[in-house]
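Q: Could we go through this model together, starting with the sheet and then the nonpolar packing?

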Amino acid sequence: MLKKVETRSVDAVVIGAGITGMYQTYVLREMGFSVQGYDGSSNVGGTWYWNRYPGCRLDTESYAYGYFGLKGIMPEWTWTERFAGQPTMLRYCNYAADKMDIRKNYQFNTRVTKAHFNEATDMWELGLDDGSEVSCRYLISAVGPLSATRMPNIAGIEDFKGESFHTSRWPRDPSDPNGAQQIDFSNKRVGVIGTGATGVQVIPIVAKSAKELVVFQRSPNWCTPLGNTPITEDEMVKLRSEYEKILAFVSSTPTGFPYERNNKKGSQTTPEERAQLFESLYDMPGYGIWLSGYRDLLTSKTSNNYLAEFIASKIRQRVKDPVTAEKLIPKDHPFGTKRVPMETYYYEVYNQPNVKLVDVRETPITRVTPTGLQVGDQSYDLDVIVYATGFDAVTGSLDLIDIRGRGGEPLKQTWDDGPLTYLGLQVRKFPNFFTLVGPHNGATFCNVGVCGGLQVEWVSRMLGYMRDHKLVYSEPLEEAQDKWTKQVYEDFSKTLLTEADAWWVKVKTHPDGTQTRRAMVHVAGGPEYRKFCEDIASRDYEGFALR
Ligand code: FAD
Ligand code: NAP
């Protein structure tokens, strides 16, 4: 006889124990909701748990990323580098988890595979990969915008006899649950596929010791210096004392990074003025060059070309072989229309005798063979292949869950032509389902450490409001969803961001070969986004059908 499986029921389920999910779980628990979290990983940390490749680190200033909401953590925590490395970030997440005592609310090594809305009970019914089930009133996704690993579609991947790793599934140290396995490249021929932010971090580290390194580049990126430096104890004392000020500042900037845009238009400046500004920004640590430059950088082709030409000249200065330098200069997208990879001696790597750049734009990688990679009629013998090929971004991890709303409609189908949302937080026909740092919300095109936290606080307040008003059901109205979605697409279309296939664009190829390209992020700026959300809240959550 089949044993009946007991279904647990809780107020809220949070999917994901990354920096966003654990905070959401904590805040709801402290508000008195019963809350259960799940993560497929064996511990907290999300991005910082999975991405253990050598060289992985923040591109946001450490002190401007993280738990501002947890007043207890910042004063005690000590950052030692301006841009913390992954091991530090994972320690930070664990430290925060200890402070919140959050692990007791999570079931790890468990993936949510199914979430169906039951219209008779207004409850979500979830299936887990351990075979058990749970039901909840509120389903909160904190699955991460960059968590669904993307392997390239190249024939023969399984045939390779050497070692191969996707950067976000780097092998762990068996003796240290928080550590990465150290790989000795010194006697190895290594191939790296991909030159996005990840490839640009991993390549210089591998190049230091590899016998041979072959970089397979399909599209070059506009990369600029990270400029990492240690943070001294004295600086940390000062940072701690300015914590309220830092939070206020990053909350006021469009992307949540600690940079303010220059209020001039680049298209109206002189060559001397531009050269001076660009030089000073290039030498500045972090994203100044992207986020403190002229305010028309992402709206004026002229302004953008000025900066792109400046960066191109830097690449030509830093890479000795002119043919290689030209290959490293992007020709297909304006500066800053993809996330700018922050680099540390990246370009100099190509001056090393052990490093070779292979352009796979014209002739793509044909197949993975047992001994390496085949590109057209050229074969490359390799001992290790590193796939720095990125993620099925923003919607990828949601697509892996069978999510069905009212009428049994799959979310994947609802979003087939691009996401439709209200505030990037809720979707019509998917009541009580919230997507933190998801498509079309202002936390995704942002410093997630801060913007994700602020979003958690907003959603928690909404659930508190509903409880206070004896409401248990929330779903966007059609008109509100249509208006929001249209606005997101319109804001995006006014920028040069439309000219690049960055991870925040969903490209769909139709059977007749035509393509649609949809923005997956809200780009009008964090402060505007949060102000809009605050206004909605102050009008009793206008645009949501609450009952
Ligand atoms: P994540 O950290 O991605 O956590 C999501 C969690 O959900 C994961 O642990 C995953 O296992 C779990 N999950 C997903 N699906 C399921 C499921 N079905 N069932 C159970 N569990 C599930 N952003 C910045 O602002 N600044 C940076 O410097 C920066 N650097 C980055 C560096 C790298 C290498 C990467 C990949 C991203 C970086 N980002 C950065 C973006 C980063 O993803 C965010 O900063 C932030 O960590 C996201 O946190 P999160 O909690 O929203 O999601
Ligand atoms: P990505 O930007 O999507 O880059 C993936 C790379 O793989 C691209 O160069 C892509 O080429 C290449 N690629 C994919 N399939 C290929 C194939 N079949 N053949 C050849 N090349 C192929 O992914 P990512 O580098 O992991 O970065 C994603 C995001 O994560 C970043 O934008 C950033 O937001 C975040 N991140 C941040 C940091 C940090 O500095 N803190 C570090 C890493 C990641 P095409 O461009 O031609 O598709």
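**Sheet and core**

Q: In strand 14, what is the bridge partner of Gln 217?
A: Gln 217 has Asp 359 as its bridge partner in strand 14; strands are DSSP runs (E, at least two residues) and helices likewise (H or I, at least four), numbered from the N terminus. This is a predicted model in which local features need pLDDT of at least 70, side-chain atom pairs count only at pLDDT 80 or more, and totals for chains, interfaces and linings use all residues. Residues are numbered from 1 along each chain as its sequence is written, and side-chain values use heavy atoms, without hydrogens and water.

Q: How many bridges join strand 11 and strand 14?
A: Strand 11 (residues 212–217) pairs with strand 14 in the parallel sense over 5 bridges; pairing requires at least two bridges found by DSSP.

Q: And in what order do the strands of the open sheet run?
A: The order of the 5 strands is 7-18-10-11-14, with parallel pairing. Strand 7 (163–166) and strand 14 (355–359) are at the edges with a single partner strand each, so one side of each has no neighbour in the sheet.

Q: Switching to the core: which residues touch the most other members?
A: In the largest nonpolar core, of 137 residues, these are Trp 79, Leu 213, Phe 335, Leu 423 and Trp 458. Such a core is a set of buried Ala, Val, Leu, Ile, Met, Phe, Trp, Tyr and Cys residues joined through side-chain atoms within 4.5 Å, where buried means under 20% relative accessible area with a 1.4 Å probe, protein chains only.

Q: Which helix gives the most to this core?
A: Helix 13 (residues 448–468) does, with 10 residues.

How values were computed:
Chains are lettered from A and ligands numbered from 1 in the order in which they are written. Buried means under 20% relative accessible area, exposed over 50%, partly exposed in between (1.4 Å probe, protein chains only).
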